[in-house]
Amino acid sequence: MTMADPHHLRRVQLIRKGVLALAIAAVVALAAISQSLGGETPLHERLEAFGIALIALCVVGRAWCSLYIGGRKKAEIVNLGPYSISRNPLYVFSFMGAFGMGAQTGSLTIATLFLLIAVGVFYLTVRQEEAWLEGAFGEPYRAYMARTPRFWPDFSKWRDTDTLEVKPVFFLTTLRDGLAFFLAVPLFEALERAQEVGWVHILFSLP
């Protein structure tokens, strides 16, 4: 078994955060110069409300996952609770949050772009993480990969435990990071107001 670089996962996470931030900034800029097709419609409002619900689910789901994975990824194979049905449930909840963020524009196009960015960046991150974990844990991790989907959960494989050793610092960090998804609400509301008063000019409309 090849010895895994203990700093590799941290580098991957830092690169992932940087790329994700740049990509999101580009889509926010696109949202600033566009508006949802038809303006403020009932569909626009429903999409925003659906997005907020997804962000709330994302925050709760990510916090739940952190109870199982917090501080353990480099030390052991976590395969209980949400990690028994998906190898990356925390990222699955992040996909929901990404769509919910984009939905605050009222544009299905922008919401989908947010989702595609998240899927693309996290997919590349997961490939790097899997290579590291396989190098660190060998055959036990390959067996886990074989029986557990990478993203989409297989609920028939659910396994759990009666007790967990929880590390509050990781739970609180994940909760804090998740709550940041809600910043999309005031951000896009501010962009809409800026468009209304003419501070930002709308160049085109998106469905």
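Predicted model: local features only at pLDDT ≥ 70, side-chain atom pairs only at ≥ 80, totals over all residues.
Colleague: Let's start with the rings. How many aromatic pairs does a search of the whole structure find?

Modeller: Nine aromatic pairs turn up. Take F95 and F122: their ring centres are 5.9 Å apart and the planes sit at 55°, so this pair is tilted. To be called edge-to-face, the planes would have to be over 60 degrees apart.

Colleague: What about Y141 and Y144, how are their planes set?

Modeller: At 55°, with the ring centres 5.9 Å apart, so that pair is tilted. Y141 and Y144 are three residues apart in helix α5 (residues 139-147), which means about one helical turn separates them.

Colleague: Are Y141 and Y144 buried or exposed?

Modeller: Buried counts as under 20% relative accessible area. Y141 comes in at 5% and Y144 at 3%, so Y144 is buried, and Y141 is buried as well. Rings can also gather in groups: W64, Y68, F93 and W158 make up one aromatic cluster.

Colleague: Now the pocket. How do I read empty space?

Modeller: You roll a probe the size of a water molecule over the atoms and see where space is left empty. In this model, the largest pocket holds about 1,500 Å³. Its lining has 50 residues, with Q13, R16, K17, R62 and L90 nearest the centre.

Colleague: Which element gives the most to that lining?

Modeller: That's α1, with 10 residues. By class, the lining splits into 29 nonpolar, eight polar and 13 charged residues.

Notes
Residues numbered from 1 in each chain as written. Heavy atoms only, no water. Phe/Tyr/Trp six-rings, centres within 6.5 Å; stacked < 30°, edge-to-face > 60°. Helix = DSSP H or I, 4+ residues; strand = E, 2+ residues; numbered from the N terminus. Buried < 20%, exposed > 50% of the residue type's maximum accessible area, 1.4 Å probe, protein only. 1 Å grid on protein atoms, 1.4 Å probe; cavity = no way out; pocket = protein on both sides within 12 Å on 5 of 7 lines; lining within 4 Å. Points joined across faces, edges and corners; volume = space filled by probe spheres on them. Nonpolar A, V, L, I, M, F, W, Y, C, P; charged D, E, K, R; others polar.
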